[in-house]
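Dear colleague,

I am passing on a structure that you have not worked with before, and I would be glad if you could look through it alongside the notes in this message.

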Amino acid sequence: PAPANRHFARVDSMGLSDEDRAVCVEAFRLHETSADVISSMSLGECMRIPGANPTEADVKQVINGRAEIKLNDYLSLMEQQKLHEDPTNILKEAFAIFDSEGTGMVDSSEFRNVMGNLGERYLSQEIEEMMRVPSQDLEGRININDLVVFAAANK
């Protein structure tokens, strides 16, 4: 067996709300191979279902060579995860894609083009509405923070 991993200290799942704990247990049960055990290959999916977002490298580090993960170990691990990401941080990361120069500003024509070509296409009037509310500078750039505030208020 692999050496014990610090992520698997046995503790009661007091750090999870009752609702989060129930979701975690349900995710675990979906992948359970025997009573209170999942294959380590299912760990990443079990972590993502309740809202954690580990990288594959994070998952491999936690598994540390183990073939199986026990429910108590999984719940201890999930106590350490950020399950409810602040939506404004998610929006900032999404809009930062448009900020190739790292200025905190988005070129309005590029923003308009990308938004019009997303998988879930926006109507041109919807894009114009998004762009009308945030302020633009003299070069037609939109402040990312303004976009985030607008998007968060209108979700």
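The mean pLDDT of the chain is 79, with 78% of its residues at 70 or more. Among the helices and strands, confidence is highest in strand 2 (residues 37-39), where the mean is 97, and lowest in helix 7 (residues 124-132), where the mean is 72. Over residues 1-14 the pLDDT stays under 50, although the model does have 31 contacts for this stretch beyond four places in sequence. Where pLDDT is low, the predicted coordinates should not be read in detail.

The sheet is open and has 3 strands in the order 1-2-3, with antiparallel pairing. Strand 1 (32-34) and strand 3 stand at its edges, and because each has a single partner strand, one side of each is left without a neighbour in the sheet. From one strand to the next, the twist averages 45 degrees. The antiparallel pairing of strand 1 with strand 2 extends over 2 bridges, and Ser34 stands opposite Val37 in strand 2. Helix 1 lies across strand 1, strand 2 and strand 3, and it runs at about 60 degrees to strand 1.

Helix 4 (residues 71-79) deserves a separate look. The buried residues are Leu71, Asp73, Tyr74, Leu75, Ser76, Leu77 and Met78. As for what surrounds them, the buried residues of helix 4 pack against helix 1 (18-31), helix 2 (43-48), helix 3 (56-63) and strand 3 (68-70).

Finally, how many disulfides does the model contain? With a cut-off of 2.5 Å between cysteine sulfur atoms, the count comes to 0 disulfides. Cys24 is in no disulfide, and the nearest cysteine sulfur, which belongs to Cys46, is 9.4 Å away. Cys46 is likewise in no disulfide, its nearest cysteine sulfur being that of Cys24. Are these two cysteines buried or exposed? Cys24 has a relative accessibility of 0% and so counts as buried, and Cys46 is buried as well, with a relative accessible area of 0%.

With best wishes

How values were computed. Residues numbered from 1 in each chain as written. Predicted model: local features only at pLDDT ≥ 70, side-chain atom pairs only at ≥ 80, totals over all residues. Heavy atoms only, no water. pLDDT = per-residue confidence, 0-100. Helix = DSSP H or I, 4+ residues; strand = E, 2+ residues; numbered from the N terminus. Contact = heavy atoms within 4.5 Å. Buried < 20%, exposed > 50% of the residue type's maximum accessible area, 1.4 Å probe, protein only. Pairing = 2+ DSSP bridges. Axes fitted to C-alpha atoms, helices over the stretch in contact; angles between N-to-C directions.
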